[in-house]
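Me: I would like to go through some of the labels used for this structure and ask what each one rests on. Please set the values against the cut-offs.

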Amino acid sequence: MSQSAHSEGRTTLADYRAALTAPGSRGPVVASILARLPIAMIGISALLYVQRETGSFAAAGLVSASSLAGVSVGAVVQGRLIDRFGPSRPLLIVAAVFALSMASLAIAIEAHLPTFALIPLAAATGLSEPMVGSASRALWTKILPEGPARNAALSYEAISMEVFFILGPGIAGLLITAPWAGTGMVVGSITMVTGAVLFALNPTVRAWGPAPKAKTPLLGALASPGMRTLALAALGFGMVIGFVEVAVPAAATESGHPSLSGLLLSAWSLSSVAFGVAYSLHPWPRRLGLRLPILLGGFGAFVALLALPSSLWALALLMLLAGAMITPQSTTHSAAIEVVAPRGTAAEAFGWVLTAVTLGLAAGQSVSGYLVEHSGTAAAFLAAGVAGVALAGVVWLLRGTVRAASPAVADTALVGAAG
């Protein structure tokens, strides 16, 4: 497919229907829903669980950031293994390790171990979190030929993630009120492991066999300059969200309604999905190189406005406005991978985007936790806005790199060992 067609990224509702009803797609789609639904739920549940047990948002932010740092490494490693060996074996192995790590973390939190003891356990859970999202996204390139249906499938991946981000925090906010504060974290983990195993064992997924033996350099997909620019945009995107994911629960707690934190975080995902579907039909700007910085800069500016409200109702309304910028960025990141990633690195390229987002989340959450405790929630929202706009400026300067990977880069990333 031409770069202009990818850059436009326009889809129709008929394209979505064609993608989701393609032969062999139903089983992986259902399994991936189970595996990805708890992503936001687990993170928020763990953060609230640690805060409930320690009484400190700073400690909770550090534990959550450690988990995200583990995800940032695991996403790339698993992505490269999935590209090399197919999804089934890697996902089954990490699902088992993830289950053991989450059980250990829950026991440690319940035993009130100090924060420094929770950090490595949280990092292990992130490192072993099954990357079904990477495999699911890459699987569409095996099921569907290039064209509108595949574009719609990739948009579905981004939009469905926002649906999960709507449901996840809301469920986490409800389950934190259960008799045991760790209920949400455990329920989410069981759901994720179940979905990952079902996905890995699905016949369509198992038919994705090992790739021809190839020698991949250390940078892998990041050998493409456009891929590095995309990762920077994803870093800013995650950083802004990370600030908000700590500041919003803190604002709810200060107002005396801590159980509303999950619902408040769901508010901006509501507008995200609604606006994101419309945006995928008529994306703007058409050029990905322009779209990345403009969307990130707008996101940062809208999040800075969250420092203004004096009530949770006003905060929720402004979060609806800021949330309109989330899914357009996710779908743009997904579309950009198709353009800038070297051939044969689909899962790893998505892993690098996920790594950038999670590193941003980790940085945003850790700094936000400090600001909330020392300067208040308004300072955290303002810092999120400044970070988003600043990184958008850097992406703007690098916008010319967002183009198809050159043959030289593709060949460098995928030199066969037999060559």
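Reply: Start with W396, which lies in helix α18. Keep in mind that the model is predicted.

Me: What makes R399 a charge over the ring of W396?

Reply: The distance part of the rule asks for a charge within 6 Å of the ring centre. R399 lies over the face of W396 at 4.2 Å from the ring centre. R84 is placed over a ring too: its charged end sits over F85, 5.1 Å from the ring centre.

Me: Which residues form the nonpolar patch on the surface?

Reply: W284, I294, V394, W396, L397 and L398 form it, with about 600 Å² of accessible area together. Helix α18 (residues 377-397) gives the largest share, three residues. A patch residue needs over 30% relative accessible area, and W396 has 37%.

Me: How many aromatic pairs are there?

Reply: The count comes to three aromatic pairs. One of them is Y49 with W180, which is edge-to-face.

Me: Why is the pair of Y49 and W180 called edge-to-face?

Reply: Ring centres must lie within 6.5 Å to pair, and planes over 60 degrees apart count as edge-to-face. For Y49 and W180 the centres are 5.9 Å apart and the planes are at 80°, so by that rule the pair is edge-to-face. The pair links distant parts of the chain: Y49 is in helix α4 and W180 is in the loop between α9 and α10, 131 residues apart.

Me: Is Y49 buried or exposed?

Reply: Y49 has 0% relative accessibility, so it counts as buried, the cut-off being under 20%. W180, at 33%, is partly exposed.

Me: Why is the pair of F275 and Y279 called tilted?

Reply: The centres are 6.2 Å apart and the planes are at 35°, so the pair is tilted. Stacked would need under 30 degrees and edge-to-face over 60. F275 and Y279 are four residues apart in helix α13, so about one helical turn separates them. F275 is partly exposed at 38%, whereas Y279 is buried at 7%.

Me: How do you know that S128 is buried?

Reply: S128 has 5% relative accessibility and therefore counts as buried, since the limit is under 20%. S128 is in the loop between α7 and α8. Leaving aside neighbours within four places in sequence, S128 is in contact with Q78, V94, V97, F98 and S101.

Notes:
Residues are numbered from 1 along each chain as its sequence is written. This is a predicted model: local features need pLDDT of at least 70, side-chain atom pairs count only at pLDDT 80 or more; totals for chains, interfaces and linings use all residues. Side-chain values use heavy atoms; hydrogens and water are left out. Helices (H or I, at least four residues) and strands (E, at least two) are DSSP runs, numbered from the N terminus. Buried means under 20% relative accessible area, exposed over 50%, partly exposed in between (1.4 Å probe, protein chains only). Contact means heavy atoms within 4.5 Å. Rings of Phe, Tyr and Trp (its six-membered ring) pair if their centres lie within 6.5 Å; planes under 30 degrees apart count as stacked, over 60 as edge-to-face and the rest as tilted. A charge sits over a ring if NZ of Lys or CZ of Arg is within 6 Å of the ring centre and within 35 degrees of the ring normal. Patches are made of residues with over 30% relative accessible area and no salt bridge: like charges are joined within 9 Å, nonpolar side chains (Val, Leu, Ile, Met, Phe, Trp, Tyr) within 5 Å. Accessible areas come from the Shrake-Rupley method with a 1.4 Å probe; for residues, only the protein chains shown count as cover. A salt bridge is a side-chain nitrogen of Lys or Arg within 4 Å of a carboxyl oxygen of Asp or Glu.
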